[in-house]
Amino acid sequence: MGRAVSAINYGFDVNSEESFWSPAIRGLVPYVPGEQPRIADLVKLNTNENPYPPSPRVVQAIATAAQHGLQLYPDPQATAAREAVAAYHGIAAEQVFAGNGSDEVLAHAFFAFFRHGRPLLMPDVTYSFYVVYCGLYGIAFEAVPLDAQMQIRVADYARADPLEVGGVVIANPNAPTGCALPLAAIEQLLQSQPRRVVLVDEAYVDFGGDSAIGLIARYPNLLVVQTLSKARSLAGLRVGFAVGQRHLIEALERVKDSFNSYPLDRLALAGAVAAYQDRDHFEQTRAAVMHSREGLTLALEDLGFEVLPSSANFILVHHPGRDAAQLAQALRERGILVRHFKLPRVAQHLRISIGTPQQCDALVRALGELLAP
Ligand code: PMP
């Protein structure tokens, strides 16, 4: 049977699975997330998760939600979660868009705002998903180099004709550097792009950055994206949101309602609301992470590492005497995962998520042994 079918000339190789693909798929270069191994007892410092569990009130709210109404679709507008975010930030729920993790919110924003045929500007070293969305949606982009100290220089994003630009996306604090820009620099960026959206990805802002949310009332071109995955310990729940003036939120809603009516399920909605209600838990855990970051920075500097000053829940480090990929592999063999990117400018760096004090100690001990003469 099979032989008879393949004898027909279909004009493509029927034995190739790729023959079923839309042409656009061939050129896609997908994002590769950090490893999520199934091995227990690993010291997992590779994906910038929070080392502390979420608030017990979140777990309780999810358990309660699981007992009531899972046979029903969730609220397509995610109203309760948007209201919780709005109340926390002192804005209106109409200024908040919610999605299935900030990755989804970012994807919708790229589709909604950056397909101008002009290049989207972004730092040459930043969250590598941005380039992937450009590939997915056919968005041209221009990588603007960080300066020699790995800092974003906002003046480099200004163009004589602002319409030459398709938009700007930056992470603040940036990833994987951890470096933060002050709000004055964000304002300079916003003023240099009066006709285009400036997307500020604040995934890590609660670990020491300044949020630009307070600027949205004055800047119709500002979209701020945040997540519950980091400072609120809910990477497993998949909740992210965007904040901006109503016309930007409406554009995101149009994309979402052309894609998936229910990106937030009932458990995620319940958990997200509870996460914003437990302010003490949020304050305590983020303070603990920031405290450990300072301790780990000093300990690694003692071991000869150069550590970029970080406002995030990770640090980017470089050891002048050791190959970064080899160090990452040697740590892995000792049950410690850190992230190494085979990318220009950071190929000799390691990005290390801040763990519990015990996890940080284990890392320092292992590195001490590996670096011993
Ligand atoms: N932005 C940045 C800069 C990130 O590092 C991450 C996490 N990988 C995200 C957005 C996405 O986070 P999430 O989808 O979990 O909200």
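Modeller: The term means a side-chain nitrogen of Lys or Arg within 4 Å of a carboxyl oxygen of Asp or Glu. Some ground rules: this is a predicted model, where local features need pLDDT of at least 70, side-chain atom pairs count only at pLDDT 80 or more, and totals for chains, interfaces and linings use all residues. Numbering runs from 1 along each chain as its sequence is written, and side-chain values use heavy atoms, with hydrogens and water left out.

Colleague: How many salt bridges are there between domain 1 and domain 2? And where do the domains run?

Modeller: The count between domain 1 and domain 2 is 1 salt bridge. Domain bounds come from an automatic or database domain assignment; here domain 1 is 43–52 + 280–371 and domain 2 is 56–277. Their centres, over C-alpha atoms, are 26 Å apart.

Colleague: How do I read the area buried between domain 1 and domain 2?

Modeller: Buried area is the accessible area (1.4 Å probe) that two parts lose on being put together, summed over both. Here that is about 2000 Å², and carbon and sulfur atoms give 59% of it. On the domain 1 side, Phe282, Ser311 and Arg345 supply 33% of the area buried against domain 2, more than any other three residues.

Colleague: What about contacts and polar contacts?

Modeller: Contact means heavy atoms within 4.5 Å, and 24 residues of domain 1 touch 29 residues of domain 2 in that sense. A polar contact is a pair of N or O atoms within 3.5 Å; within protein, one must be able to donate a hydrogen and the other to accept it, and residues adjacent in sequence count only if both atoms are side-chain atoms. Between the domains, 11 residue pairs qualify, both residues being at pLDDT 80 or more.

Colleague: Now the ligand: which residues are around it?

Modeller: We count a residue as near if one of its heavy atoms lies within 4 Å of the molecule. Among those around the ligand are Gly101, Ser102, Asp103, Tyr127, Asp201, Thr227 and Arg238. Look at the side chains: an N or O atom of Tyr127 is 3.2 Å from a ligand nitrogen, and a polar atom of Asp201 lies 2.6 Å from a nitrogen of the ligand. For Thr227, a polar side-chain atom sits 2.5 Å from a ligand oxygen.
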